[in-house]
Amino acid sequence: DTRQDLTGLFTEKPQSGEVNVGENITFVAKVNAESLLKKPTIKWFKGKWMDLASKSGKHLQLKETYDRSSKVYTFEMQIIAAKPNFAGAYRCEVTSRDKFDSCNFELAVHGERACWYMLDSFSTDGKEDSGELDFSTLLKKRAVQVSTEPDLDVWDILSHAPSSEYEKIAFQHGITDLRGMLKRLKKMKKEEKKSAGFFPQKMDPAYQVTKGHKIKLAVEVANPDVEVKWLKNGQAIQPTGRYIFESVGNMRYLTINHCSLADDAAYCCVVGEEKCTTELFVKEPPIMIVKNLEDQMVMKGERVELECEVSEEGANVKWEKDGVELTRDESFKYRFKKDGCKHVLIINEATKEDCGHYKVKTNGGESMAELLVQDLEVYQSIADLTVKAKDQALFKCEVSDENVRGTWYKNGVEVKPDARINITHIGRIHKLTIDEVKPEDEGDYTFVPDGHAFNLSAKLNFLDPPKIHLDCMGRTAESTIVVVAGNKLRLDVPITGDPAPTVIWTKGEKVVTDGDGRIHVETTKGHCVFTIEGAERQDEGIYSVVVRNPAGEDTADINVKVVDVPDPPQAPRILSVGEDSCVVQWDPPLFDGGQPVIGYVLERKKKKSYRWMRLNFDPYPDTTYEAKRMIEGVEYEMRVYAVNGIGLSRHSSASQPFVPIAPTSEPIGLCVDDISDTSISLKWRPPERIGSAELEGYGVEYCKEGTDEWIPAIQGLTDRTSLTIKNLTTGDKLQFRVRAYNMAGPSVPTTLAQPVTIREIMQRPKIWLPRNLRQTLIKTVGEIVNLVIQFQGKPRPKVTWSKDGELLSPTFASVRNSDTDTILFIRKTERKHSGKYELQVQIENMEDTASITLQIVDLPGPPQALKITDIWGFNVALEWKPPKDNGNCEITGYTIQKADKKTMEWYTVYEQYRRTNCVASDLIMGNEYVFRVFAINLVGLSPEPCNTADSAYIQKTGIEYKPPTYKEHDFSQAPKFTHPLVNRSIIAGYSTTLSCSVRGMPKPKVTWYKNKMDISNEAKYRMLSKQGVLTLEIRKPCMFDGGVYMCKAVNDSGEDIVECKLEVRRKYPAGGCISL
């Protein structure tokens, strides 16, 4: 492969190897990934295309490792317990993106006889073991070929072996039908040479296949179109699911699926009179022993059952005793039992002679067990004992022979009597007594009768009450275990007790187990360990440990205290701010973490920044702190940490944003704007210096002369620079001051120069007439008039409106008055609202007046008496009088229009013409004209014009044109049908139409007839005529509507007739049935 030479991905290639059957072998491939962009992918193949990844399992394992230092991938293919069919050619391929490399290697398997024939066999579905490298299923479908190894040919073995060895050979090679095989061997004849024209390639004399597999028999014929027959033992084979016939070119195939013992027969392919014969032998797979025999020891006279289990039901096995095959004898001493895959050898009333080694054999394996038969009977065996410290332990047994002595053993060592241990033998009873049992007495005790090959065993269990060994038990402060939150808490409690006691941990009434992922409870020899990963605050409390075994129990309490950093303090509050400082206050944390809080750490940051700056590094003990060295006008936030002996808490939430800033300068220009008996109006100007923060408003205060109590004039602040303070006491002498407020607080106050007495001051009335009202105010009819006029005067003056010397009526116009102004309001003006309006403002005997002229204008009326005064050439002289109604304003001009009497389309001659006479020029000769005039004023054109009563004809001059005369053409024509009516046959109940077309001049009159009866006025018929097309619509005709229909067209020039026949059929055939 050229790609392999170019790329060379392998740094180490797998090498060919050899292995014995049942042994393991490993093939290694290494790839250097230093220059690769992607992890390499490796595939292992057997043969050309069989991917071994799907065969990984019991016999095949694929491994992969990576060395980061050398950047080398190591791939291994390990074959476990190699079988003969694992031998063959293998291939390893590695790819990485566009790079590729591969190598081939061989595997040879030795030490096991090969198969008799190289058959094209396949494993049955569902029986293939995962990981079994049974590559027979992947062989190409080709003609079956006999193996070339003559030493493995069973026919050669049988033909050269003596007849006495046939049975042995059949057992070794799994041949079940030996008699049939010998019969066929005897009848086999030499193959007669036939013409190669029928069978150029014949089948081999014999084939062998494993039971459950499939086999394909192939034969070649000379004629590709010839039909063949397949016979089994001379009987024709019918194609079924198990027998499949195939014909490919000159080849003919017989495939037998799932071969059974019934398929063991002679097969023949017949073409005409020519035959090709072969023998098929079905080999049973080796019978494996799944469950081996077990050694047994029985008493004399008891029943013995030696049982084993094989891999297949109904298999034959052979039983042997001490190398001699067992058969059913006449005394029925040995019985053989089959139960599915189980095989049982039964011996009734075992004797001493039955002792020995029993073996069961199959063609796939064997199993052996030993049988012991005792003649000494045990009436009572020794039993296991469990005793406490200083108690007595007694082992006792009883055998059938009084004279039999025995020996006692402890853990295989003979027991000697001493002060605590006593051994007695009275009659058939043997006793071992141990006084004041100690822990070292625990063990396995055995009684062995002398002269007999069996023993009696029992176990002595020592009970030691459990005990907890702790130095810090109790609930006092000295015995408390302190753990920092987040750290690991490990309680290692020494315990003793035999047998090993069970341990239960509880907290309160709840049993603590491993259910929580953080908690682990572990018990080892001599210790019980309770562990909490990452202790939390809720883990604090009293933990109880209880150890218990059959000898008793013990309990201990352990007080656990979890200390932690404190909770974060509450959000800090900003008490006040200065030009570059602020005072902040906060509340202590709700929980101090189990340790007293020793101080606080503060941080600040700019609002638009993410970086917090620490203000103090040593814990600050108080809860109020003044932060300095800040930039005026910049928005800041503050947060606080609490500190205890464990550490720093989480930070508090940030404070509300604040801006360090100084108060503004004082307001300026404070003065009294107005005063009355109960109120005063003040005004001032903003401070000269406001600073970086926005001005929040002004606070106004006052106090009585001679006191220091300043009273707020209003609740909160005002954002205006003027304020009216009401509800004051008349005659009080008050001092007033104003302060500006921003985020930093109030500024220095500004105060009036002297106190003010609350008393109203007389002021003469005066009207402040706007400049636009000092001349005539012109409004169009229908517009709104809203006049606002300011005035002054104290006390509140009396306001009077009049028109032309008469007081205004509320129905004529609306008037609204206040302390400082008056409003005249007309919602919809009319001509009557024109005139001179008088406004009078009066305080006692003092007054002030003002006059306003209002002119309401409208469209003018039409001009009057428009007449034609003269006509000459192409000119017409017009004259008219001004309109009677000028719309209450001057007429600014006229619009004169002309129109040709033929078209009556109006064209403007003059616009904004100011005289009452004019001359219309450039008129067209031979046309007759009429004229009209509109009046124009300030509002617009008059709604109606004034028209001339007479018309003006422009005379023609020169030769008069006389048009020629023509004889009028006669277009009259008699009616004639251009398209006749057509005979029709219709079905009753379905509307239909009759159509025809006619022409004629003038338009002819059309009349419809049925059977020469006029039907023009009948509702059943509808007559239509469009562009000469005549249509008669008959609505839902019945049987009586059949007949002759006629259409007649008549005009002054003549007439024409057209007719047709209409047949109406029944909707259904007579009788009401429809024939199919």
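Guide: We can go from the whole chain to its ring pairs and then its sheets.

Guide: Keep in mind that this is a predicted model.

Visitor: Fine. How many helices and strands are in the protein chain?

Guide: The protein chain has 4 helices and 84 strands.

Visitor: And what share of the residues is buried?

Guide: 39% of the 1076 residues count as buried. The protein chain exposes about 62900 Å². Carbon and sulfur atoms supply 48% of that area.

Visitor: What about contacts between residues at least 6 apart in sequence: what percentage join residues at least 24 apart?

Guide: That figure is 63% for the protein chain.

Visitor: Switching to rings. How many aromatic pairs does the structure hold?

Guide: It holds 18 aromatic pairs. One of them is Tyr73 with Phe75, and this pair is stacked. Their centres are 6.2 Å apart, with 15° between the planes.

Visitor: Are Tyr73 and Phe75 buried or exposed?

Guide: Both Tyr73 and Phe75 are buried.

Visitor: Now Trp684 and Tyr698. Why is that pair edge-to-face?

Guide: The planes of Trp684 and Tyr698 stand at 70°, so the pair counts as edge-to-face, given that the cut-off is over 60 degrees. The ring centres lie 5.6 Å apart.

Visitor: Which strands do Trp684 and Tyr698 sit in?

Guide: Trp684 is in strand 51, residues 680-685. Tyr698 is in strand 52, residues 697-704. Trp684 and Tyr698 are both buried.

Visitor: Which residues do ring pairs link into a cluster?

Guide: Phe27, Trp44, Tyr90 and Phe105.

Visitor: Where does the charged end of Arg932 sit?

Guide: Over the ring of Trp906, 4.1 Å from its centre. Arg614 also has its charged end over a ring, that of Tyr641, at 5.8 Å from the centre.

Visitor: How many bridges join strand 38 to strand 42?

Guide: There are 6 bridges, and the two strands run antiparallel. Strand 38 covers residues 502-507, and strand 42 covers residues 541-549. Val503 has Val547 in strand 42 as its bridge partner.

Visitor: And the open sheet of 3 strands: what is its order?

Guide: 68-69-72, with antiparallel pairing. Strand 68 (864-872) and strand 72 (917-920) are the edges; each has a single partner strand, so one side of each has no neighbour in the sheet. The twist averages 20° from one strand to the next. Strand 69, residues 875-881, joins strand 72 through 4 bridges. Val876 has Ala920 in strand 72 as its bridge partner.

Visitor: Last one. Do strand 10 and strand 17 pair in the parallel or antiparallel sense?

Guide: Parallel, over 5 bridges. Strand 17 spans residues 274-283. In that strand, Phe281 stands opposite Gln208. Strand 10, residues 206-210, is mostly covered, with 4 of its 5 residues buried.

Notes. Residues are numbered from 1 along each chain as its sequence is written. This is a predicted model: local features need pLDDT of at least 70, side-chain atom pairs count only at pLDDT 80 or more; totals for chains, interfaces and linings use all residues. Side-chain values use heavy atoms; hydrogens and water are left out. Buried means under 20% relative accessible area, exposed over 50%, partly exposed in between (1.4 Å probe, protein chains only). Two strands pair if DSSP finds at least two bridges between them. Contact means heavy atoms within 4.5 Å. Accessible areas come from the Shrake-Rupley method with a 1.4 Å probe; for residues, only the protein chains shown count as cover. Rings of Phe, Tyr and Trp (its six-membered ring) pair if their centres lie within 6.5 Å; planes under 30 degrees apart count as stacked, over 60 as edge-to-face and the rest as tilted. A charge sits over a ring if NZ of Lys or CZ of Arg is within 6 Å of the ring centre and within 35 degrees of the ring normal. Axes are lines fitted to C-alpha atoms, for helices over the stretch in contact, and angles run from 0 to 180 degrees between N-to-C directions.
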